[in-house]
Amino acid sequence: MKIASWNIRGCNDPLKTQEVLGFIRSESLDVLGLLETRIRKNKADGIMRTLFSSYSVVANYDYQVNGRIWVVWNPATVALIPLQVHSQFVHCHIHHHSSNVEFLATFVYGNNDPSVRLSLWDSLSSLSQSSMDWIVLGDFNIVRDNSEWISDHPPKLSDILDFNACILHCGLDDIHNTGCEFSWTNKQDGSTVWSKLDRALINSAWLTHFPSSAAKVLPSGVSDHSPIMVSIIDEVRPRRRFSFLNYWVDDPTYHARVCKAWSVSVKGSTMF
């Protein structure tokens, strides 16, 4: 099973719409979060019928002018239920027919204004209360560290700290990824900026059930953002034997050491 997100930076150009459709078909995507479509609501139905005639689509027009987020899925392979639609995200429940795998997915397009993005962090924190496998992917419009931004004008430290605080509170972390190191560039000669604005984050439940899943950051193509594609592999993990050397308990300091270890306060997700 494969899901992806891609900030296409406007999908009115026929060349872009055809590349999007080609991406879905060539990679056999089950679900795609299409970001920053810039398609007016009065044109959306016609484009959806023409471009995605065999797919289902949900968009956030009720919350954002020009539908900044479209979630496109193949109903032949997955059942997708939108649980919450917001100006900066679409939160879904996804069930894969053939494998019977189900999980939560949140497709994100963070606002350019850091003060507006604060409401996104609050919303993600609320969504994190579920114990289900959860993946959050898209364009967050902020990096986790200055090393993910190459230019003379890095983002404010306070904005980075807000993003990382949200990730920590939600018990999320980056999924293993390969491909392009940076996911966005302004493509301007002489003053080129590179950054990792797009990413996929997972919770500990996801890591437990899909340990071999991974993201690939693909070349940007017609956009200035790279698509993020996640391959989900459902593995049946064999039960492993747990070995314990009984003579450890004969050590006179054993009980005190165990009590001391378990009394240490650890901040972060259950995985930590």
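1. Let me start with Phe103, which is buried in this predicted model, its relative accessible area being 0%. Phe210 is buried too, at 3%. A search of the whole structure turns up 10 aromatic pairs. In one of them, the ring centres of Phe103 and Phe210 lie 6.4 Å apart with the planes at 80°, so this pair is edge-to-face. The partners come from distant parts of the chain, 107 residues apart: Phe103 sits in strand 7, and Phe210 in the loop between helix 5 (204-209) and strand 15 (214-217).

2. Phe140 belongs to the loop between strand 8 and strand 9 (149-150), while Phe163 is in helix 4, 23 residues away. Both Phe140 and Phe163 are buried.

3. Phe163 also takes part in the contact between helix 3 and helix 4. The axes of helix 3 (residues 114-127) and helix 4 (residues 157-170) come within 9 Å and cross at roughly 10°, which makes the two helices roughly parallel.

4. Helix 3 itself has buried residues including Arg117, Trp121 and Leu127. The buried residues of helix 3 pack against strands 5, 6, 7 and 8 as well as helix 4.

5. One last item for your viewer: Phe52, Tyr55 and Trp70 form one aromatic cluster.

Notes. Residues numbered from 1 in each chain as written. Predicted model: local features only at pLDDT ≥ 70, side-chain atom pairs only at ≥ 80, totals over all residues. Heavy atoms only, no water. Axes fitted to C-alpha atoms, helices over the stretch in contact; angles between N-to-C directions. Helix = DSSP H or I, 4+ residues; strand = E, 2+ residues; numbered from the N terminus. Parallel < 35°, antiparallel > 145°, perpendicular 65-115°, else oblique. Contact = heavy atoms within 4.5 Å. Buried < 20%, exposed > 50% of the residue type's maximum accessible area, 1.4 Å probe, protein only. Phe/Tyr/Trp six-rings, centres within 6.5 Å; stacked < 30°, edge-to-face > 60°.
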